Amino acid sequence: MTTHDRLMDLLEQGRARFRIIDHPPEGRTEPASLLRRHDLSQAAKCLVVRVALGRRARRYVLAVVPGDRRLDLDGLNRLYAGTESSFATREIAERLAGSVSGSVVPFALHPDLDLVVDPDLLVHKEIFFNAARLDRSVALATEDYVDLAAPRVEVIAQRSLTGAGTVSRGAEIN
């Protein structure tokens, strides 16, 4: 079963209020938001991060921030009491997310992923994200997202933004 199929099953079985939006293939947050016709702050930018916890210990985190914000890697590192945080390699991110870069969903569907969401994304009635495909997105009622995903909600986005749609200390994975 593909990640897209797992997502659709989760949303349907959870009786979530959602819409499917088909569009030309796009994995970058800002252009995808334009295609979906919503405010960039409603986009769930999903980034897979590796947090080093010591010499051999590490944790992978699916960090979800509003599309108009940067991920605060240092803040995420402090949240986990880590020694270093960095974006996961594309190979690891895609394996853990179960989809190609640019189509990562804001649900931790792999047991080795922790899910942490910035509260500023959750202020909207509806959030938008690619549905594990570059050519299909989901508009999902935020309340239903929180119920189904059960994320850890922490401030992980930088509060001062200089350059919408970018991330700090690395390249955007999704």
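What radius of gyration would a compact globule with 174 residues have, and what does the chain have? The radius of gyration here is taken over C-alpha atoms, and the globule rule is 2.2 Å times the number of residues to the power 0.38. A compact globule of 174 residues would come near 16 Å, and the chain has 15 Å, which agrees. The model is a predicted one, in which local features need pLDDT of at least 70 and side-chain atom pairs count only at pLDDT 80 or more, while totals for chains, interfaces and linings use all residues. Residues are numbered from 1 along each chain as its sequence is written, and side-chain values use heavy atoms, with hydrogens and water left out.

Along its principal axes, the C-alpha trace spans about 45 × 35 × 25 Å. Of the 174 residues, 52% count as buried, where buried means under 20% relative accessible area with a 1.4 Å probe, protein chains only. Contacts are pairs with heavy atoms within 4.5 Å. Among contacts between residues at least 6 apart in sequence, 72% join residues at least 24 apart. As for charge, there are 24 positive and 24 negative side chains, and the centres of the two sets lie 4 Å apart. In this count Lys and Arg are positive and Asp and Glu negative, with His and the chain ends not counted; each charge is placed at NZ of Lys, CZ of Arg, CG of Asp or CD of Glu.

The secondary structure comes to 5 helices and 8 strands. Helices (H or I, at least four residues) and strands (E, at least two) are DSSP runs, numbered from the N terminus. Along the sequence they follow the pattern α-β-α-β-β-α-β-α-β-β-β-α-β.

Five strands form an open sheet in the order 4-2-3-5-8, with mixed pairing; two strands pair if DSSP finds at least two bridges between them. Strand 4 (84-87) and strand 8 (152-153) stand at the edges with a single partner strand each, so one side of each is left without a neighbour in the sheet.

Strand 2 (residues 44-52) and strand 3 (residues 58-66) run antiparallel and are joined by 9 bridges. A hairpin of 5 residues links strand 2 to strand 3. Across this pair, Ala44 stands opposite Pro66, and Leu47 stands opposite Ala63. On its other pairing, strand 3 runs parallel to strand 5 (residues 113-117), with 5 bridges between them; here Val61 stands opposite Asp114. Because 7 of its 9 residues are buried, strand 3 is largely enclosed by the rest of the structure.

Methods. Buried means under 20% relative accessible area, exposed over 50%, partly exposed in between (1.4 Å probe, protein chains only).
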